[in-house]
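The sequence and structure come first.

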Amino acid sequence: MREYLSKEWLPTIKSTVRPTTYRSYEQHVQFHITPHIGSLKLEKVNGATLNALYAKLACQGKRDGKRGLSPRTVHHVHTCLHRAFRDAVRWGRLFRNPVDAADPPRVAGPGSREMKTWSAGQVRAFLTATKDDRLHPLWRLFCLTGMRRGEVLGVTWEDLDLAAGRLSVRRALIPLGGEVIVSEPKTARGRRSIALDVETVEVLKAQAAKQLSEQREFGEGWCDSGYLCTKENGEPYHPEVVSRYFRQAVKKAMLPMIRPHDLRHTHATLALQAGIHPKVVSERLGHANIAITLDTYSHAIPALQEEAAERIAELVSAR
C-alpha cells in the first residue's frame with residue numbers, strides 16, 4: 001500500500017487535480033492511511049480492513065494519538081481511498097474497489113449544519129463601523145456579493161467593469177502549505193459575473209484613486225500585482241491575515257463573531273428572505289446547480305411555503 005500510494009498513485013494524479021485537492025490527498029496518505037494500513041498489500045485490503053481504519057481514526061486519528069478525527073475528516077479519507085483504489089482498478093492492479101464494501105461515517109448535509117449569519121441591521125452596522133478601514137472595500141464585497149474569501153482577494157482591476165457595475169470572478173487566492181496559490185474556480189459556474197450596487201461601485205472607485213496615489217508614493221518600490229485590495233506597497237494580502245483583520249474588525253464593531261465565509265451565508269440568507277429568486281442567488285454564489293443553494297439555505301425561505309399555500313388556495317376557491 002505504502003509504495004503504491006506514495007510512489008505511484010500520488011505522483012501520477014498530481015497534474016490531474018487541483019493543488020488543494022492534491023495537498024489534501026497527500027496529507028491523508030501521510031498521516032491517516034499509511035501509518036495504519038501502509039504495510040498491507042493492495043489485494044489484502046477489504047471492507048472490514050477499511051471499517052477498522054475508520055473506527056481507529058474516529059477514536060485516535062489526531063497526530064497526538066489521543067483524539068479522534070471528525071466524521072467529516074474521516075469521510076474525506078474514505079474519498080481519498082476510493083479514488084486511489086478506483087485508479088488501481090483502472091490500471092489493472094485490482095479487479096474491484098474494496099472501498100465500495102466499506103461503511104464511512106455519515107456526514108450531515110449542508111442544510112443540517114448550524115449556520116451563523118448576521119441580520120441586515122448587523123451587516124449595516126459592520127459596514128458603518130469599518131467605513132474608514134483600509135480593508136473596507138473587501139468587507140463590502142464580502143457582504144454585498146456573497147463571494148468566497150479567496151475569490152474576493154483574487155479580484156484584479158481587469159475583472160471590474162465599474163461603468164457597467166459588474167465584477168467577473170475568475171480566480172481565487174488559496175493558502176496552501178505556507179504559500180498562497182492562484183486557483184481556478186472549481187466549476188464552470190464558479191467563473192461568473194456579479195452585478196454590483198451603486199454604493200459598492202463608488203467605494204471601488206475611491207479604492208482605485210487611493211491605490212493610484214500609493215503607487216505614485218512608492219514609485220519603483222511599488223509591487224504591480226494588479227489586485228483590487230493590496231498592502232500599501234501593492235502586494236496582495238495573505239488570506240489568513242485578512243481573516244485575522246476581519247476578526248479584529250468584528251470585535252471593534254461589537255458584533256457577534258462570525259467567519260468571513262459566514263458573510264457568504266449571510267448574503268444568501270438575506271437575498272432569499274428578500275424574495276430574490278433562488279436561481280439568481282445560486283448564480284451570484286457560483287453554485288454548481290440551484291439544488292445546492294436550496295439544500296444549503298432552505299431555512300431562509302420558509303415563507304415561500306406559506307405563500308404557495310395561500311396562492312393555491314386562492315386559485316381553487318376563486319369564484
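Is Lys205 buried, partly exposed or exposed? Lys205 is partly exposed, with a relative accessible area of 41%; buried means under 20%, exposed over 50% and partly exposed in between (1.4 Å probe, protein chains only).

## Basis of the values

This is a predicted model, in which local features need pLDDT of at least 70 and side-chain atom pairs count only at pLDDT 80 or more, while totals for chains, interfaces and linings use all residues. Residues are numbered from 1 along each chain as its sequence is written, and side-chain values use heavy atoms, with hydrogens and water left out.

## Salt bridges

A salt bridge is a side-chain nitrogen of Lys or Arg within 4 Å of a carboxyl oxygen of Asp or Glu. By this rule the count is 18 salt bridges. Lys205 forms one of them with Glu202, where the closest N and O atoms are 3.6 Å apart. Lys205 and Glu202 are 3 residues apart in helix 8 (residues 198–218), so about one helical turn separates them. Helices (H or I, at least four residues) are DSSP runs, numbered from the N terminus, as are strands (E, at least two). Glu202 counts as partly exposed at 44% relative accessibility. Elsewhere, salt bridges that share partners join Arg83, Arg86, Asp87 and Arg90 into one network.

Arg90 counts as exposed because its relative accessibility is 58%, whereas Asp87 is buried, with a relative accessible area of 0%.

Glu8 forms a salt bridge with Arg93, and the closest N and O atoms are 2.5 Å apart. Glu8 lies in helix 1 (residues 2–13) and Arg93 in the loop between helix 4 (71–90) and helix 5 (120–129), so this pair ties together parts that are 85 residues apart in sequence. Glu8 is partly exposed at 28% relative accessibility, and Arg93 is partly exposed at 39%.

Helix 6 (residues 136–145) is mostly covered, with 9 of its 10 residues buried. Among them are Trp139, Arg140 and Phe142. Just after helix 6, Gly146 takes a positive phi of about 75°.

Two packed helices are described by the angle between their axes and the distance between the axes. Helix 6 and helix 10 (residues 260–273) pack at an angle of about 35°, with their axes 7 Å apart. Axes are lines fitted to C-alpha atoms, for helices over the stretch in contact, and angles run from 0 to 180 degrees between N-to-C directions. Phe142, Cys143, Leu144 and Thr145 of helix 6 make the contact with Pro260, Leu263 and His267 of helix 10; contact means heavy atoms within 4.5 Å.

## Exposed loop residue and backbone

Most residues other than glycine have a negative phi. Met254 has a phi near 60°, a positive value in a residue other than glycine. Met254 is placed in the loop between helix 9 (239–253) and helix 10. Met254 is exposed, with a relative accessible area of 73%.
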